[in-house]
Amino acid sequence: MKAEKRRTPLLSIKLEGALAQIEALMRRLGMIPEEVVVSGWDFDHDPALELRSVDETTGAHIPHQHDVRFLVWRPRQEHRVKTTGRAGTSKLAMVNGDQQKIAKNRRRETKRLEREASRADLPEPPPGRMKAKPPSPWAKRPLRSRNSFEDRRSR
């Protein structure tokens, strides 16, 4: 019987082979301990899309969301930790997740917009006039001259 004609492997088979090679290399480099079983892999944007700047004219992320230099294969558990932080270990560790960083950026942005809106409501001072500096609540003392220190030494 004649052998079947050579066919191009399916994309899913290519992907499975590539992930097996990645896992073998990461184990060899010590990035994944030998005793850890990798249950699955996730494709991760690093940095997260919401943490990237956006081009105002085109609306595209900078760097682009499909830039292969910023797409990383991660074991599913490691990707979950990167996204949500190490929940349960300590309150301080939860700060390191992408979700917390995104929430912080949103809070900062809303506060900045509120500040700008409140500044827009204030009347502008007339041009050419400087605002008077408010008096300091602390008393001022004159600095001693060098001669007064020398007079003390001679006593």
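Residues are numbered from 1 along each chain as its sequence is written, and side-chain values use heavy atoms, with hydrogens and water left out. Since the model is predicted, local features need pLDDT of at least 70 and side-chain atom pairs count only at pLDDT 80 or more, while totals for chains, interfaces and linings use all residues.

**Exercise 1. Find which residues make up the largest nonpolar core.**

Step 1: A nonpolar core is a set of buried Ala, Val, Leu, Ile, Met, Phe, Trp, Tyr and Cys residues joined through side-chain atoms within 4.5 Å. Buried means under 20% relative accessible area, exposed over 50%, and partly exposed in between (1.4 Å probe, protein chains only).

Step 2: Look around Trp41. Contact means heavy atoms within 4.5 Å. Not counting residues up to four places away in sequence, Trp41 touches a list of residues including Leu19, Met26 and Ile32. Trp73 and Arg74 are also among the residues that Trp41 touches.

Step 3: In soluble globular proteins, nonpolar side chains tend to be buried together.

**Exercise 2. Work out where Asp44 sits and what its side chain makes polar contacts with.**

Step 1: Asp44 belongs to strand β1, residues 41-45. Helices (H or I, at least four residues) and strands (E, at least two) are DSSP runs, numbered from the N terminus.

Step 2: Buried or exposed? Asp44 counts as buried because its relative accessibility is 4%.

Step 3: Check the polar contacts. A polar contact is a pair of N or O atoms within 3.5 Å; within protein, one must be able to donate a hydrogen and the other to accept it, and residues adjacent in sequence count only if both atoms are side-chain atoms. The Asp44 side chain makes one with the side chain of His79 at 3.2 Å, and another with the side chain of Lys82 at 3.4 Å.

Step 4: Compare chain and space. Asp44 and Leu71 are 27 residues apart in sequence, yet their C-alpha atoms are 5.6 Å apart.

**Exercise 3. Decide what the side chain of Arg52 reaches, given that Arg52 has no salt bridge.**

Step 1: Find Arg52 in the loop between β1 and β2 (53-54).

Step 2: Look for a charged partner. Lys and Arg count as positive and Asp and Glu as negative; His and the chain ends are not counted. A salt bridge is a side-chain nitrogen of Lys or Arg within 4 Å of a carboxyl oxygen of Asp or Glu. For the buried Arg52, the nearest side chain of opposite charge is Asp67, 6.9 Å away.

Step 3: The Arg52 side chain reaches the backbone oxygen of Pro47 at 3.0 Å.

**Exercise 4. Find how many aromatic pairs the whole structure has, and describe what you find.**

Step 1: Rings of Phe, Tyr and Trp (its six-membered ring) pair if their centres lie within 6.5 Å; planes under 30 degrees apart count as stacked, over 60 as edge-to-face and the rest as tilted.

Step 2: The search finds 1 aromatic pair. Phe43 and Trp73 form this tilted pair, with 4.4 Å centre to centre and 35 degrees between the planes.

Step 3: Phe43 lies in strand β1 and Trp73 in strand β4 (residues 71-75), so the pair ties together parts that are 30 residues apart in sequence.

Step 4: Phe43 counts as partly exposed at 43% relative accessibility, and Trp73 counts as partly exposed at 27%.
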